[in-house]
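Please keep the sequence and the model in view while going through the points.

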Amino acid sequence: MKKWVVRFASLLVFNIVVLLIVGWLTPARVGWAALWAGIVLTALVIWIKPLVEKWFRSMAAKSANQRTKAGEKLVEFLLAFAVAFLVWIVTVVFTGVSIGGGIFGAFWGWVIPPVILLIGWAIYGAIDDRVESHAGTLYDKATGSKVGSTDAAAPPIPSPEASAGRRELNDGLTDEQRRMLDELGNG
């Protein structure tokens with residue numbers, strides 16, 4: 001349960017920031033709707049986005065052998081953009097976010113935000129482990145749970161196989177070869 005709460009909360013904060021950036025850089029009006037839109041966007045990213053991506057990828061995989069490497073990269077980008085576009089549409093429909101007026105404003109209010117979402121997802125993907133670790137520590141402090149046990153910092157106890165592998169790296173002999181040499185020396 002803690003893992004989901006921490007993941008949801010850290011992604012929520014990140015998504016609210018991304019939505020505020022969308023409101024700042026595009027004709028889309030986010031404003032105070034950023035909180036509710038962030039909740040909807042976070043739920044979509046955690047539970048719906050992976051399913052839609054899987055469905056789109058399975059459709060694209062049928063023709064993958066007919067594409068070049070450049071074509072495959074283009075299809076991957078278009079799939080990611082399509083997923084971001086669908087997530088943006090659902091976010092706009094179910095929240096107070098509105099798209100700017102006019103023909104050009106509406107066009108840029110629909111096209112640029114999914115690109116910003118893609119960039120945000122890439123950034124979050126690069127830093128998510130650190131963000132969730134920090135959020136987990138804050139969660140532990142807030143709930144009064146044990147914070148950062150020292151066991152996590154201690155090196156793990158090596159398994160017998162790992163110890164044997166380390167010894168073999170030192171002299172190039174397996175445990176069995178080492179035993180045989182010891183028996184020859186004692187005999």
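**Notes on the predicted model**

1. R7 is partly exposed, with a relative accessible area of 30%, where buried means under 20% relative accessible area, exposed means over 50%, and partly exposed lies in between (1.4 Å probe, protein chains only). Residues are numbered from 1 along each chain as its sequence is written. This is a predicted model, in which local features need pLDDT of at least 70 and side-chain atom pairs count only at pLDDT 80 or more, while totals for chains, interfaces and linings use all residues, and side-chain values use heavy atoms, with hydrogens and water left out.

2. What is the partner of R7 in a salt bridge? The partner is E132, and the closest N and O atoms of the pair are 4.0 Å apart; a salt bridge here is a side-chain nitrogen of Lys or Arg within 4 Å of a carboxyl oxygen of Asp or Glu. Because E132 lies in helix α4 and R7 in helix α1, the pair ties together parts that are 125 residues apart in sequence. E132 is partly exposed, at 22% relative accessible area.

3. By this rule the count comes to 3 salt bridges. One of them joins K49 and E53, with the closest N and O atoms 3.6 Å apart, and both residues lie in helix α2, 4 residues apart, or about one turn of the helix. K49 counts as buried at 15% relative accessibility, whereas E53, at 22%, counts as partly exposed. The side chains of E72 and R67 also meet in a salt bridge, at 2.9 Å from N to O; E72 is partly exposed at 25%, and R67 is partly exposed at 23%.

4. For the overall layout, the secondary structure comes to 6 helices and 0 strands, where helices (H or I, at least four residues) and strands (E, at least two) are DSSP runs numbered from the N terminus. Of the 187 residues of the protein, 29% count as buried. Among contacts between residues at least 6 apart in sequence, 69% join residues at least 24 apart, a contact being heavy atoms within 4.5 Å.

5. In the largest nonpolar core, which has 34 residues, L19, L41, V87, W88, V97, L117 and W121 touch the most other members. A nonpolar core is a set of buried Ala, Val, Leu, Ile, Met, Phe, Trp, Tyr and Cys residues joined through side-chain atoms within 4.5 Å. The elements that give two or more residues to this core are α1, α2, α3 (69–94) and α4 (103–143), and α2 gives the most, with 9 residues.

6. Helix α1 (residues 2–25) holds N15, which is buried, with a relative accessible area of 1%. Not counting residues up to four places away in sequence, N15 touches G38, L41, T42, V45 and W121. V13 also lies in helix α1, but V13 counts as exposed, at 55% relative accessibility. V13 forms a nonpolar surface patch of about 540 Å² together with V17, I21, W24 and L25. Patches are made of residues with over 30% relative accessible area and no salt bridge, like charges being joined within 9 Å and nonpolar side chains (Val, Leu, Ile, Met, Phe, Trp, Tyr) within 5 Å, and accessible areas come from the Shrake-Rupley method with a 1.4 Å probe, for which, in the case of residues, only the protein chains shown count as cover.

7. A search of the whole structure finds 7 aromatic pairs. Rings of Phe, Tyr and Trp (its six-membered ring) pair if their centres lie within 6.5 Å, and planes under 30 degrees apart count as stacked, over 60 as edge-to-face and the rest as tilted. F77 and F81 form a stacked pair, 6.4 Å centre to centre with 25° between the planes, and these two residues are 4 apart in helix α3, separated by about one helical turn. F81 and F85 are stacked as well, at 6.2 Å and 15°. F77, F81, F85 and W110 form one aromatic cluster.
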